[in-house]
Amino acid sequence: EELLTQVQVVAARGDAVGYERGCKSGEGCVFGPAWTDDYDGPGGHDGCGTRDNVLARSMTDVVFRDGTHNCVVVEGTLADPYSGAQLGFTKADAGKIQIDHVYPLSAAWDMGANGWLPDKRVRFANDIDFNLLAVNGTDNQSKSDSTPAQWLPPNGAYHCFYAGKCLSVAAQYELPITQDDHRALASIARTC
């Protein structure tokens, strides 16, 4: 509940122009190349891509590809926070486990990240301490760019942690949340 007092609340999510996640020729690449290692922050410049860093820290029984200096994860087991299930990961079926931005990138863009310097946006998109979770692909897809007023993890036992995570990211990056999200998170906080 204390975190609720640390974030700014706004009436609604804006719709800032210019959000382009893609980094191919002609695309905006506003949060930098996906899962880059080229950023200042936890996990940055360590020789491993962000996705592999999140997988390695989130799973047990992790196996790395030989010759990658314990970087490229080829298998492991995830205690999936969103579903509550134990999931096996293999590189061959990599889409089964995806990396979720708890505070979605497009929402962050609309709520103020559009005014940040590019380095801060890249750090935000790759922040393994605050904003990234390894989760099952199905729930990550259903969440899309939804915020807590529209989507919560199916695993109710995880709601308190998820609410805290959302608020921690918002506080860390001075991103506001909407009144609807504040109501949803406050309702969860009362049960924690």
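User: Is Cys 29 buried, partly exposed or exposed?
Analyst: Cys 29 is partly exposed, because its relative accessible area is 24%. Buried means under 20% relative accessible area, exposed over 50%, and partly exposed in between (1.4 Å probe, protein chains only). This is a predicted model: local features need pLDDT of at least 70, side-chain atom pairs count only at pLDDT 80 or more, and totals for chains, interfaces and linings use all residues. Residues are numbered from 1 along each chain as its sequence is written, and side-chain values use heavy atoms, with hydrogens and water left out.

User: Which cysteine forms a disulfide with Cys 29?
Analyst: Cys 23 does, with the sulfur atoms 1.9 Å apart. A disulfide here is a pair of cysteine sulfur atoms within 2.5 Å.

User: Why is that disulfide of Cys 23 and Cys 29 right-handed?
Analyst: The torsion about the S-S bond of Cys 23 and Cys 29 is about 80°, so the disulfide is right-handed.

User: How many disulfides by this rule?
Analyst: Three. Cys 48 and Cys 71 form one of them, sulfurs 1.8 Å apart. Both Cys 48 and Cys 71 are buried. Another joins Cys 160 to Cys 192, S to S 2.0 Å.

User: Is Cys 192 buried or exposed?
Analyst: Cys 192 counts as exposed because its relative accessibility is 58%.

User: What about Cys 166?
Analyst: Cys 166 is in no disulfide. The nearest cysteine sulfur, that of Cys 192, is 12 Å away. Cys 166 counts as buried, at 7% relative accessibility.
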